[in-house]
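Biologist: Before we look at any detail, could you show me how to read the way helices and strands pack together?

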Amino acid sequence: MPKIPSEFIRELEERCRLEDIVPAYLTLKRRGKNLVGLCPFHSEKSPSFNVYPGNNSYYCFGCGKGGGVINFVMEAERLDFVEAVRWLAQRAGLQVPENGQDDTMAKLRVRILEINREAGRFFYQTLMSPEGRAGLDYFRARGLDSRTIRHFGLGYAPDSGFGLVNHLRQKGYTKEELTQSDMARVSQKGNLYDRYRSRVMFPIFDLRGNVTAFGGRVLTDEKPKYINTADTPVYHKSSGLFAMNFAKNTDSRQLILAEGYMDVIALHRAGFQNAIASLGTSLTEEQARILKRYADEVVICYDADGAGQKAAERAIPILKDTGLRVRVVTVPGGKDPDEFMRNYGEEGPARFRQLVEQSGTDVEYRLDRLRAQYDISTEDGRLRYLSEAAEQVLSKLHSPMEQDIYAGKLAGETGVDRQRILETVDRLSKRERRQEEKKQIRAQMDLPQAAVSRNPDFQKRTRAALAEEGIIDFLFRHQDKAEVLQKLVPPEKFVTALNRRVYAAILGKTIHGAATLGNLAGELTREEIGELSGMLARREDAPATSADVEKYRKIILEEGQYAGSDWAKNASDGDMREFVEAMKKNKQK
């Protein structure tokens with residue numbers, strides 16, 4: 001079988017989304033954040049086929065088939081792995097590199113980076129010419145000087161709609177290269193035209209300083225206000241971060257997460273070189289993992305309007321799940337950082353630094369938002385505020401110390417005894433834990449027979465198999481923890497053979513980059529990929545946590561120690577008593 005580079009497989013998966021491909025074979029309906037339909041691989045009357053856009057995977061709870069986009073094409077078109085890759089590559093307009101040589105993709109990436117660099121220069125030169133007067137006036141009105149414009153590489157896309165295309169064609173770039181870079185689009189008549197027109201331009205750099213994409217802002221009331229480069233071979237919006245190339249070089253282990261380009265630029269001009277933005281999209285897990293590499297704490301500074309507050313609420317758990325501390329700055333008067341700096345002039349930086357230093361934790365932010373909804377000078381207002389604060393915020397905290405601290409804060413605000421608040425929180429916390437445990441048990445134990453049969457050892461080693469699945473699920477979702485997991489639970493400690501192979505394969509892929517269902521599909525059997533997809537699907541609503549990993553580890557080590565009937569036959573009474581006591585202790589945890 002020809003060896004296809006993992007980098008190409010990942011690119012292919014990014015370009016080919018299951019939610020775009022599957023509807024050609026069956027009707028999908030939205031169910032929450034996922035999609036469901038009648039399985040195309042077996043006969044059924046109730047839909048059990050699920051598509052998970054979050055990780056571009058599918059799984060059928062009826063027949064147990066699952067995997068990534070490559071696996072789906074393999075099943076639907078009856079192709080082998082390489083044929084499926086070629087099928088998808090043709091659909092995406094990519095050339096498949098084989099025999100381990102990624103010459104085509106590597107050359108295309110280099111050409112696109114050259115195009116982007118040349119486009120950046122073109123936009124900057126246009127901005128500084130009479131043709132770019134409107135853009136320069138806009139930046140000047142926003143308080144930007146020449147040094148700042150040059151530092152961020154800002155520019156202007158001309159009105160003609162063909163200026164950049166003509167410039168790049170004269171430089172020798174082909175029609176295919178220009179469309180692959182998303183700097184140009186093709187009209188119905190087959191002619192190239194500029195992707196950006198009459199917009200001020202913000203280049204987006206990767207961590208090495210390469211221009212990988214652009215954002216363009218229109219200067220009129222035309223919609224959309226902003227347009228951004230689509231995913232290309234050198235850019236993925238799910239991992240892009242504006243000004244991260246500058247922020248990563250600061251000594252601070254704190255990052256300020258703002259909402260827009262101008263907010264970040266204003267903060268940098270004011271001395272906050274650790275400011276970044278997530279390019280107008282909702283913060284993703286991939287972006288959060290990048291932030292974790294360079295920071296221990298993230299200060300969210302989104303707009304104070306409803307949309308900004310909702311975005312902050314969504315970002316908080318994503319950041320915390322990566323182990324980051326989170327604080328939230330609320331700019332007074334509903335202003336954004338850019339407007340705040342312009343309004344306060346020379347005093348702006350000092351005032352904003354004070355806001356950052358006084359910013360509350362994510363818990364304080366959520367409590368403040370709740371308190372704003374009620375009049376706590378009334379008994380009814382206090383009661384409703386306390387009830388929602390205890391249920392929605394404090395009961396979900398895993399640290400008793402944190403619960404104690406914020407119960408004291410609530411007591412001070414409402415005049416209610418702290419101990420009474422803690423009693424309520426403790427009761428709600430126990431209920432929350434019971435619900436989480438039940439949810440996990442249902443997710444892990446409600447297994448269709450077809451799915452169970454994928455692992456021949458499941459029924460006789462159920463406890464160990466479920467623990468192994470939990471660790472595999474955690475590893476796949478947190479691949480940055482691969483080295484730690486390998487030391488904590490090496491593959492040879494796994495009790496069931498199928499899970500051991502899957503676990504080892506994922507660990508092996510993480511050494512050279514990221515493990516995806518696509519690059520695992522060439523290494524694992526269809527049945528093993530289906531089982532891995534089932535593990536992820538069954539835990540979609542209750543994924544394994546770092547706290548779970550330690551419990552799973554103990555179970556695996558215990559099951560491995562006492563595995564096999566020969567041990568039971570030859571064990572002494574003392575050995576058996578020790579085994580029973582170990583099992584009892586584990587059940588009590």
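Predicted model: local features only at pLDDT ≥ 70, side-chain atom pairs only at ≥ 80, totals over all residues.

Biologist: In what order do the strands of the open sheet run, and what is their pairing?

Modeller: In general, strands of a sheet pair through backbone hydrogen bonds, either parallel or antiparallel. Here the open sheet has four strands in the order S6-S9-S10-S11, and the pairing is antiparallel. Strand S6 (155–157) and strand S11 (226–228) are the edge strands, each pairing on one side only, and from one strand to the next the twist averages 35°.

Biologist: How many bridges join S6 to S9?

Modeller: Three bridges join S6 to strand S9 (residues 199–205), and alanine 157 stands opposite arginine 199 in S9.

Biologist: Which helices lie across or pack on these strands?

Modeller: Helix H6 (residues 133–141) lies across S6, S9 and strand S10 (211–218), running at about 70° to S9. Helix H11 (residues 261–269) packs on the sheet by touching S9, S10 and S11, and its direction makes about 70° with that of S9.

Biologist: At what angle do the axes of H21 and H25 cross?

Modeller: Two packed helices are described by the angle between their axes and the distance between the axes. The axes of helix H21 (residues 462–477) and helix H25 (residues 526–538) cross at roughly 85° and come within 9 Å, so H21 and H25 are roughly perpendicular to each other. Glu469, Ile472, Asp473, Phe476 and Arg477 of H21 make the contact with Glu531, Leu532, Met535, Leu536 and Arg538 of H25; these residues divide into five nonpolar, no polar and five charged.

Key: Residues numbered from 1 in each chain as written. Heavy atoms only, no water. Axes fitted to C-alpha atoms, helices over the stretch in contact; angles between N-to-C directions. Helix = DSSP H or I, 4+ residues; strand = E, 2+ residues; numbered from the N terminus. Parallel < 35°, antiparallel > 145°, perpendicular 65-115°, else oblique. Contact = heavy atoms within 4.5 Å. Nonpolar A, V, L, I, M, F, W, Y, C, P; charged D, E, K, R; others polar. Pairing = 2+ DSSP bridges.
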